[in-house]
Amino acid sequence: MTKTMMMTASALALGLGIGAAQAQDAPLKIGMAAYGLNAEFMQLWSAAGARHPAVQSGMVELTVFDGRYDALVQQDQFETMITQGFDAIVFAPMDVEAGATAVQLAVDAGIPVVGSNARVNSDQLTAYVGSNDVEAGYLEAKAVLDKMGCQGAVVIIEGPIGQSGEIQRGEGNEQALAECPDVQILERQTGNWSRAEAQSLMENWLTSHGDAITGVIGQNDEMALGAIEAIKAAGMDVSDFAIAGVDGVTDALNAVKTGQMASILQDGEAQALGSIDVAIKAVRPDYEPMSGIWEQYPDMPWNDGASKEYNVPWTPVTLENVDALLAGRQ
């Protein structure tokens, strides 16, 4: 090999080494695909992602996508992330079945997908970081039924039909209702996670059934809060109803404090932070988690990022813990 060829080879090797180092140091592009950002819970979830230490340090360049409660919009956003060469995707799907197509597109393009908060019927996920919605559905319905003494009649305001939260919380609702066979279900209909839609439903049901309604099972807090607004607008006493929701959004925490409803806190912050840790690990195998949730929830071990499922525990909101939970929102 001539001296010139040796110099060229050395320069090439040096250039490749610098390029590899720069690639390692370049920020990872991670997308957070939320099913919709109109309501507080997904806003808290996405805001938590932006506070992840890896994002704050510049290790990760995070982009949040608003799916606008539409599975086709989410699929279009996946195609955008694939075209733009994202390194990983954190996915809160709108539809348990339709979301599988988006996951497959990303995986076929070599992009790992971590499910978060809502489930998708796909075995292609790197992992899922969320909470057990069947358990939440049972706990909220039991809170309503216990206050009713297993007597009377309920209405159920469901989540978007076909989303995993609606399916699984509904299953939990049914488990609790089976323990109170004398309780009648007067109405059940989707409120699409919307406070306004739930208020409209409840207004119609109060017109149809009046005092016959003694319990309201809202599959999320926004819808339970909508029912409360309808009851107040009808000039009725909220304390005459047993009402519960799920998520622990701020208005619900305040409503628990004043005795208007029960709620089960879903830790969306932990779901988001954990999902990003798992997503980084899928791209950089030597990564060690930077969020503190693994110490916060010792019953959910990190397991070197190798688990297929991470279940963040639920926290029933009580008069004893509500002030501390509200303080954490400041």
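The exercises below work through the strand pairing and the salt bridges of the structure above.

The structure is a predicted model, in which local features need pLDDT of at least 70 and side-chain atom pairs count only at pLDDT 80 or more, whereas totals for chains, interfaces and linings use all residues. Residues are numbered from 1 along each chain as its sequence is written, and side-chain values use heavy atoms, with hydrogens and water left out.

**Exercise 1.** Determine the strand order of the open sheet formed by 6 strands, and identify its edge strands.

*Solution.* Strands are DSSP runs (E, at least two residues) numbered from the N terminus, as are helices (H or I, at least four residues), and two strands pair if DSSP finds at least two bridges between them. Reading across the open sheet gives the order β7-β6-β8-β9-β10-β12, with mixed pairing. The edges are β7 (184-190) and β12 (315-316), each of which pairs on one side only. Within the sheet, β6 (residues 153-158) and β8 (residues 215-218) run parallel and are joined by 4 bridges; V155, for instance, has V216 in β8 as its bridge partner.

**Exercise 2.** Explain how K142 and D146 are placed relative to each other in helix α6, and classify the accessibility of both residues.

*Solution.* A salt bridge requires a side-chain nitrogen of Lys or Arg within 4 Å of a carboxyl oxygen of Asp or Glu, and the side chains of K142 and D146 meet in one at 3.1 Å, N to O. Both belong to helix α6 (residues 133-148), where a spacing of 4 residues separates them by about one helical turn. For accessibility, buried means under 20% relative accessible area, exposed over 50%, and partly exposed in between (1.4 Å probe, protein chains only). K142, at 30%, is therefore partly exposed, and D146, at 49%, is partly exposed as well.

**Exercise 3.** Find which helices are tied together by the salt bridges D251 to R195 and K257 to D323.

*Solution.* Take D251 and R195 to begin with: their closest N and O atoms are 3.0 Å apart. Because D251 lies in helix α10 (residues 250-257) and R195 in helix α8 (residues 195-209), this pair ties together parts that are 56 residues apart in sequence. Next, the side chains of K257 and D323 meet at 2.7 Å, N to O. K257 also lies in helix α10, and D323 in helix α13 (residues 322-327), so here the parts tied together are 66 residues apart in sequence. K257 is partly exposed, with a relative accessible area of 44%, and D323 is partly exposed at 44%. Elsewhere, salt bridges that share partners join D133, R169 and D247 into one network, and the structure holds 12 salt bridges.
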